[in-house]
Amino acid sequence: MRVNAARIFLFANNSNDISIRRWNIISKDHQINEEIRAKEVRLVGSEGEQLGIKPFREAMQMAIDANLDLVNVAPQAKPPVCRIMDYGKFRYEQQKKEKEARKNQKIVDLKEVWFRANIEEHDYQTKFRNVIKFLNEGDKVKCSVRFRGREITHSKLGQKILERVANEVGELCVVERMPKLEGRSMIMILAPKQSH
């Protein structure tokens, strides 16, 4: 990931010393400090207390005095709502929450298992074990029977194989899509049952 060069802001406060505020711009979700273009803002303190409507410069000075950032949290409000906060810490906690949410999210893959119209029992059992494994892992399974040459005239054989698979894994899954002929293949999709 490429991060823009760090921005450095220099602010002079009342004691004539200069405090340097530096952070990497991670995203443009909020307007921060000098990016805010309003003449006056509704100010919220660092502890969440309402400080009322203040001129922008006064609000900016209060943020500098607290050694924090002035962040525009509601730009569409009249006047915009700004909060005094540590923006770097805020972004870090926000990214941590997003990462946690992604970690808890289950991504369902679609796995495919191919059968033949004249499949032998041993080959069938091997492919059937794969179907069970994928369903137990929480993935959808696309079961396909591929017909070669004149096998297409015996599409009922393929349908019987797919119906046998569906019956044998009935307690693990639901048939999301019944066997259907598409070109030279017959396709059925199985989805795992939701465990509550």
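E182 and R177 are joined by a salt bridge, that is, a side-chain nitrogen of Lys or Arg within 4 Å of a carboxyl oxygen of Asp or Glu, and their closest N and O atoms are 2.0 Å apart. The model is predicted, so local features need pLDDT of at least 70 and side-chain atom pairs count only at pLDDT 80 or more, while totals for chains, interfaces and linings use all residues. Residues are numbered from 1 along each chain as its sequence is written, and side-chain values use heavy atoms, with hydrogens and water left out.

Both partners of this pair are partly exposed, a class between buried (under 20% relative accessible area) and exposed (over 50%), computed with a 1.4 Å probe on protein chains only. The relative accessibility of E182 is 35%, and that of R177 is 28%.

A search of the whole structure finds five salt bridges. One of them joins the side chains of R164 and E121, at 2.9 Å from N to O. This pair connects distant parts of the chain, 43 residues apart: R164 belongs to helix 4 (residues 155-168) and E121 to helix 3 (residues 121-136). Helices here are DSSP runs (H or I, at least four residues), numbered from the N terminus. R164 has a relative accessible area of 30% and is partly exposed; E121, at 42%, is also partly exposed.

R164 forms a salt bridge with E168 as well, with an N to O distance of 2.9 Å. These two residues both lie in helix 4, four residues apart, or about one turn of the helix. E168 is partly exposed, at 31% relative accessible area. Together, E121, R164 and E168 form a network of salt bridges.
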